[in-house]
Amino acid sequence: MKTPTYVAVAIALTAAATLGGCSDDGGSGGGRKITFVQGVKGDEFYISMACGAQQKAKELGVKLDVTGADKWDASLQTPVVNAVAAKSPDAVLIAPTDTQALRQPEQQLKSRGAKVIEVDTKLDDASIRETAISSDNERGGALAAQTLANLVQDRGTVAAISVKPGISTTDARLKGFETEIRKHPGITYLGVQYNDDDPAKAASIVTSTIAAHRDLVGIFGANVFSGEGAATGIEQAGKAGQVKLVAFDATPKQVEALRKGSIQGLIAQKPFDIGAQGVEQAVAALDKKPVPKTIATDLIAVTKDNVDQPDVSKYLYKGAC
Ligand code: T6T
């Protein structure tokens, strides 16, 4: 059956027509250049986000580049953003890795004429971005606390593990988690420890916390590597299933740990939608159409019981498009 080749040719033709500047072939993007700066490379959350952005870019006839630093670190992301600015894209989707440190690099993007769309994370300063698109992370944190409190029958000692302070998303999740967990009088909350987005560090923090607190019954992991590392730490301590773990995100590795029983709950975001919305709002901003200041995308609690239900599995992250 020749279908795939035909389709490939059709797509190429459309793209060529759009790039040629004749934008009345349905691609309102008119050959514009958009760059997506991920929070970090190799994270299935951002890979899934890039898939959504890529699909929307194709739909709108936009040329999309995807880049990012190898580690979650503002000092590594800054030169990446400066290199993007030097290429003068029409618009940039960016997940700033710190609420303050990326202000100046983002300002440079804007002063070189790019429309700045913040996806997932955001700066404290709202004056640079056209819009901020992310999950309602505070609500997600509260949902994680409710899920964990149920899992531990509302009693015992729990702890949290996150990346580092100064990240808009994980800080909001912790705020939501801590506010909610404090409403459960039977639960003692030990506070949060930080792992610098390193799963090995997360694992060792968890094994030493379990060793130090024999009454520990639950852990909240605020993102992918916090969750993956915490699951490894619980397994290494021989406490899989005994110490309950609820983590943000839903990578293939986290879902495997959920099926195996070292994770009991995941709060899955919708990175694909965040990426698609990001390109859509970038094109709208370039077309001088109104763009909402903030857009909140969906999230859902995933457990062993609902992980295979179609309206849940569509939330699970992918390692490739
Ligand atoms: O949890 C996501 C993202 O929302 C957060 O801002 C940073 O960590 C992740 O990328 C997962 O690693």
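Two residues are in contact when they have heavy atoms within 4.5 Å of each other. By that rule Ala 202, leaving out residues up to four places away in sequence, touches Ile 161, Asn 195, Phe 225, Ser 226, Gly 229 and Ala 230. This is a predicted model, in which local features need pLDDT of at least 70 and side-chain atom pairs count only at pLDDT 80 or more, while totals for chains, interfaces and linings use all residues. Residues are numbered from 1 along each chain as its sequence is written, and side-chain values use heavy atoms, with hydrogens and water left out.

**Ala 202**

- Ala 202 belongs to helix H7, where helices (H or I, at least four residues) and strands (E, at least two) are DSSP runs numbered from the N terminus.
- With 0% relative accessibility, Ala 202 counts as buried; buried means under 20% relative accessible area, exposed over 50%, and partly exposed in between, using a 1.4 Å probe and protein chains only.
- From C-alpha to C-alpha, Ala 202 lies 25 Å from Gln 100, and the two are 102 residues apart in sequence.

**Nonpolar cores**

- A nonpolar core is a set of buried Ala, Val, Leu, Ile, Met, Phe, Trp, Tyr and Cys residues joined through side-chain atoms within 4.5 Å.
- The largest such core has 54 residues, and those with the most contacts inside it are Ile 34, Leu 93, Ile 219 and Val 279.
- Helix H2 (residues 44–60) supplies the largest share of this core, namely seven residues.
- A second, separate core of 18 residues includes Ala 145, Tyr 189, Val 246 and Ile 267.

**Helices H5 and H6**

- Helix H5 (residues 137–151) packs against helix H6 (residues 168–181) at an angle of about 45 degrees, with their axes 6 Å apart; axes are lines fitted to C-alpha atoms, for helices over the stretch in contact, and angles run from 0 to 180 degrees between N-to-C directions.
- That angle makes H5 oblique to H6, because angles under 35 degrees count as roughly parallel, over 145 as roughly antiparallel, 65 to 115 as roughly perpendicular and the rest as oblique.

**Positive phi angles**

- Most residues other than glycine have a negative phi.
- Asp 120, which is not a glycine, has a positive phi of about 70 degrees; this residue lies in the loop between strand E4 (115–119) and strand E5 (131–135) and, at 5% relative accessibility, counts as buried.
- Asp 196 also has a positive phi, near 55 degrees, and is found in the loop between strand E7 (187–194) and helix H7 (199–212), where its 25% relative accessibility makes it partly exposed.
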